[in-house]
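Dear colleague,

Please find below the structure I am handing over to you.

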Amino acid sequence: MSVDHEVPRELAEGLSDAVTVAFSDPEADVCGVARIGRAMTGGEVVTSGLAVLFAGGQPVAVRAEGGVPAGEGVGWGGAEAAGVWTEVVDPLRAWRMHFDDEDGQHGFLLDLESVSAPAELDAEVPAGKLGGMQGYDQLVKVTGKVTIGGVERSFVGRGQRGHSWGAPDWDKLTMARTIGVWLEGDAGVTLTAVRPVKAASHADEAIHAVLLGRDGETDEQLSLVVADPRVSTTYDSDGRQRHAGLELYETDEAPYARRAAGEVSCGTTLDLGRLRLDCAFFTWRMDGRAGVGRYDVLRRVD
């Protein structure tokens, strides 16, 4: 992977390109997610934005906007919608993410610093091919300022930044799940699970998972694609994710799985027209380490 991957992708009709950042500061009890996207529609490049900010376990700001004509800025500089914009400060190493709600009572300006190698989702792996998307995610250290109820406060936490592009076909899909586990010691897991229309159960999903961490001897950043990832989820009566477990067999011959267990700490549901997004933040335990992270479920509702 090279720094060229950070540049917005060339778009054709129906293709989209997006940057998503999720973050959490457990001690301050603040977490959130922001997405800025570009798409070619009717021969015109338009921008969309989405942001959700939680404080005290409750959503305090939710803002979404689409169809905004793209600006003239260089790189991601011309993309702004729903009060969200992003900047690549140092490709694959450092970024900035901004959000303001409409009344100025809630928002953030956060600096992101990479603490992991990229976890890649290639277009040719089953989850990428079925989902029509490819891209990469990195674990990040997050610092900056958040504004809650008009009061600015410092933020120090961890999170995940992803850049994805492609053309998902929701006539062929019923659900896409995205999980990020951010552990102590700059380790974690990224996971994407995509379910086709004809699937009878979770067993028919295409799942792609990557373990992220550091070599104990060299301190080199490591990115390991999991040979056999498995996900189990408990949902409430409204279909929202409440508990989750991961079983990650690193190789086909591995006799034992690395396991993670998580439970929801906060969440909300967004109506995106044909799609419904259940956005949640989880607390996790894995390999004796505590962690936080994001678990999103995007499903077709028609």
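**Strand pairing and charged side chains**

Strand 18 (residues 275–286) pairs with strand 19 in the antiparallel sense, over twelve bridges. Please note that this is a predicted model. Within the pairing, Cys 279 stands opposite Asp 296 of strand 19. Two residues lie between the strands of this hairpin, and Asp 287 takes a positive phi near 55° there. On strand 19 (residues 289–300), nine bridges also form an antiparallel pairing with strand 11 (residues 173–183), where Gly 180 stands opposite Arg 294.

The salt bridges come to 17. In one of them, Asp 278 meets Arg 299, with the closest N and O atoms 2.8 Å apart. Because Asp 278 lies in strand 18 and Arg 299 in strand 19, this pair ties together parts that are 21 residues apart in sequence. Asp 278 is buried at 1% relative accessible area, and Arg 299 is buried at 14%.

Asp 287 forms a salt bridge with Arg 258 (2.4 Å, N to O). Arg 258 belongs to strand 17 (residues 258–272) and Asp 287 to the loop between strand 18 and strand 19, so the pair links parts 29 residues apart in sequence. Asp 287 is partly exposed, at 44%, as is Arg 258, at 30%.

Which residue is buried yet has no salt bridge? Asp 101 is such a residue, and Arg 63, the nearest side chain of opposite charge, is 6.4 Å away. Asp 101 sits in the loop between strand 6 and strand 7, and its side chain reaches the backbone nitrogen of Gly 104 at 2.8 Å.

With kind regards

Methods:
Residues are numbered from 1 along each chain as its sequence is written. This is a predicted model: local features need pLDDT of at least 70, side-chain atom pairs count only at pLDDT 80 or more; totals for chains, interfaces and linings use all residues. Side-chain values use heavy atoms; hydrogens and water are left out. Two strands pair if DSSP finds at least two bridges between them. Helices (H or I, at least four residues) and strands (E, at least two) are DSSP runs, numbered from the N terminus. Buried means under 20% relative accessible area, exposed over 50%, partly exposed in between (1.4 Å probe, protein chains only). Lys and Arg count as positive and Asp and Glu as negative; His and the chain ends are not counted. A salt bridge is a side-chain nitrogen of Lys or Arg within 4 Å of a carboxyl oxygen of Asp or Glu. A polar contact is a pair of N or O atoms within 3.5 Å; within protein, one must be able to donate a hydrogen and the other to accept it, and residues adjacent in sequence count only if both atoms are side-chain atoms.
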